[in-house]
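Could you take a look at this one with me? I've jotted down a few points to read alongside it.

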Amino acid sequence: PCAGHHCRAAGRAEPLSDLRYETGLMTDTNLMRISGLPAPSVYRNILAVMLSFLMTLLSGISPGHGADYREPTILGSSLPTPSGSLADVKGLIGERPPSTQLSITRHVMAFEMMAFNVSYKGEVYPFDHLRKRNSPVSYVITGERVGRTYRAVKPMMQMMTILSGVPSRRVLPVKVANFVIFSGPSPKTGSRDYCVGAPDIFEADGVIRRAALQAGPDVGAFDDCIRGQLSRSLGLSHHQDILPASLFWPTDRPGTPATPVFTTFTWSDAVLLRTLYDERLKPGMHRDVAMPLVRVIIAELLAELNR
């Protein structure tokens, strides 16, 4: 396995023997590792179908939805770039980042870390294609402490809609939701102290069609868990350790310098999410094609914030 936060798998698939069905819904690590496997064999395709079937049974979607955990093979469509200026968004916190070349580079590196990597057992595993949504989010909150969970989720979902342009609404029947937020003991282990979030169904075009977030009622910093995992449902699937003024800074990782714990999106977070949902970046786009565009978009956004 590769080591460190900037490693690449060099085109080699990791073995599947240590994938575990841990929490009743697939965890982010398991799903994303499968989604990044190159050139799946027949065995891996069968495994993906089995995982899709289990997922749909648990999440209230009828089997046969057509989930595909392999790397995308075609480009999907993007929603239009949000029309409002990022500089006019209210409710973001922290200082506005400068538009220097160093600042641009740091934001580009943070974006790549969040959009093309996932952590697993302390290691970082890359995948090569963008995942993002191109249709509204319908979310349902189930389990224990629904009111508390909703109070943590609502303002974050509202801000994510402003920054990404992806509409969101709360729904009640699980069967009509495409984002299930569950607070309760792990259906698999019974643990009440855990926190996982993941886009859990990808299509061949890299579009995120469903997502799940699970939090144990006794997890430390419950609200921080919810806030930190919500963005995974839109495609920013990993933390980053380049921009300290960020909701996505890994405050719980040993050896990471302490920073304030942010309770909503910072200006840097807004740049990262708005970049992902710029219509020039398509779901399914390869990293090598996307990253030059990412630099252009981030430079434009930082310039906009500093006019």
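Here are my notes, point by point.

1. First, the ground rules: this is a predicted model, where local features need pLDDT of at least 70, side-chain atom pairs count only at pLDDT 80 or more, and totals for chains, interfaces and linings use all residues. Residues are numbered from 1 along each chain as its sequence is written, and side-chain values use heavy atoms, with hydrogens and water left out.

2. Start with strand E3, residues 137-143. (Helices, H or I with at least four residues, and strands, E with at least two, are DSSP runs numbered from the N terminus.) Of the 7 residues in E3, 5 are buried, meaning under 20% relative accessible area with a 1.4 Å probe, protein chains only.

3. Who sits beside E3? It pairs in the parallel sense with strand E4 (residues 168-170) over 3 bridges, and with strand E5 (residues 179-183) over 5 bridges; pairing takes at least two DSSP bridges. Val137 stands opposite Ser168 in E4, while Tyr139 stands opposite Phe179 in E5.

4. Finally, check Phe265: leaving aside neighbours within four places in sequence, its contacts include Met156, Leu163 and Leu273. Contact here means heavy atoms within 4.5 Å.

Methods. Buried means under 20% relative accessible area, exposed over 50%, partly exposed in between (1.4 Å probe, protein chains only).
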